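Please keep the sequence and the structure in view while reading.

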Amino acid sequence: MGVIRTDDGVELFYRDWAAEEGKGGGRPVLFVSSWSLTSDAWAYQMLPLSMQGCRCVAFDRRGHGRSAESPSGYGFDRLADDIAALLEALDLRGVTLVGHSMATGEILRYLTRHGAGRVAGVVMVGTITPLLARTADNPGGVDPAAFEAFRTENLLRDFPKWLGDNVGPFLDERTSAETKGWIAGMALNSSLKALLDCHRAIASADFSRELPGIAVPTLVVHGDRDVTTPLDLARRTVALMPNATLSLYEDAPHGLFLTHRDRFNAELLAFVLG
């Protein structure tokens, strides 16, 4: 575990689990968590992959978990620059970037701003791309008023209750109460200011013009029971990217990296090892 300092003075917590001795070549994988979650969420991927010869790194987004709050906002450009700072600080090359939900946008913006020189491939789980909000070009999107209602009526009024009501659909009926509590606890340990500003960034982001320029091999993983990001987003994302493949998980929710971890871990390892 360690900390890096960004160019605006923010300390970012990260964990770096080296490949188990004698296995593989230590191919690097950087995990980026979703809105409100932390590097802890990837433990059930990081440990198995490190045991299979990968070097697994994850960090807490600024304002989340053990990372400091941001003096420079929480826009996607700023968050993408944090990924760049970590890759450079650890000198990770030939890395596979794995992102869930909000993190898919951060990874995409990183590639747009910094290029793919350090990147071997990308895995996008429960993607928010191309865009979530309803616009003239995206009539099937979410009404922006619904995003604002969530922020004013849930996030800023009783976020713990909202978590309690919604952690179930994030996972599934087979998930233990203890695991649901673990997930909710991560979210409650993140800055409310960071959650508010990150949610605003998610709701307004449009990556449609960036996707066609991302040529690295990309695996888009999505569940057909995802109530947070509809499956249509994944299909549209793959259609816009020149080197992307969709892996559809039947009966899987937004948090499929936990509910369907065996299948996901096997697919992720195969993708990383190429």
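Leaving aside residues up to four places away in sequence, tyrosine 110 touches Ala80, Ile83, Ala84, Leu87, Leu97, Gly115, Arg118 and Val119, where contact means heavy atoms within 4.5 Å. The model is predicted, so local features need pLDDT of at least 70 and side-chain atom pairs count only at pLDDT 80 or more, while totals for chains, interfaces and linings use all residues. Residues are numbered from 1 along each chain as its sequence is written, and side-chain values use heavy atoms, with hydrogens and water left out.

Tyrosine 110 lies in helix 3. Helices (H or I, at least four residues) and strands (E, at least two) are DSSP runs numbered from the N terminus. With 3% relative accessibility, tyrosine 110 counts as buried; buried is under 20% relative accessible area, exposed is over 50%, and partly exposed is in between (1.4 Å probe, protein chains only). Tyrosine 110 and aspartate 81 are 29 residues apart in sequence, and their C-alpha atoms are 6.6 Å apart in space.

The axes of helix 2 (residues 76-89) and helix 3 come within 8 Å and cross at roughly 75°. Axes are lines fitted to C-alpha atoms, for helices over the stretch in contact, and angles run from 0 to 180 degrees between N-to-C directions. Helix 2 and helix 3 are therefore roughly perpendicular to each other. Angles under 35 degrees count as roughly parallel, over 145 as roughly antiparallel, 65 to 115 as roughly perpendicular, and the rest as oblique. Among the contact residues are Ala80, Asp81 and Leu87 of helix 2 and Met102, Arg109 and Tyr110 of helix 3. The contact of helix 2 with helix 3 divides into nine nonpolar, two polar and five charged residues. Ala, Val, Leu, Ile, Met, Phe, Trp, Tyr, Cys and Pro count as nonpolar, Asp, Glu, Lys and Arg as charged, and the others, Gly among them, as polar.

## Two further helix pairs

| Pair | Axes come within | Crossing angle |
|---|---|---|
| Helix 1 (residues 43-51) and helix 9 (residues 261-273) | 10 Å | roughly 50° |
| Helix 4 (residues 144-170) and helix 6 | 11 Å | roughly 170° |

Phe147, Phe150, Arg151, Leu155, Leu156 and Phe159 of helix 4 meet Leu192, Leu195, Leu196, His199, Arg200 and Ala203 of helix 6. By class, the contact of helix 4 with helix 6 has nine nonpolar, one polar and two charged residues.

Helix 1 and helix 9, in turn, are oblique to each other. On the helix 1 side the contact is made by Tyr44, Gln45, Pro48 and Leu49, and on the helix 9 side by Arg261, Phe264, Asn265, Leu268 and Leu269. Six of these residues are nonpolar, two polar and one charged.

## Two loop residues

Serine 190 is found in the loop between helix 5 (177-188) and helix 6 (192-204). Its relative accessibility is 10%, so serine 190 counts as buried. The side chain of serine 190 reaches the backbone nitrogen of glycine 65 at 3.5 Å. Not counting residues up to four places away in sequence, serine 190 touches Ser36, Thr38, Gly63, His64, Gly65 and Leu195.

Glycine 117 is in the loop between helix 3 (102-114) and strand 6 (119-125). At 74% relative accessibility, glycine 117 counts as exposed. Glycine 117 and alanine 149 are 32 residues apart along the chain, with 41 Å between their C-alpha atoms.

Methods
A polar contact is a pair of N or O atoms within 3.5 Å; within protein, one must be able to donate a hydrogen and the other to accept it, and residues adjacent in sequence count only if both atoms are side-chain atoms.
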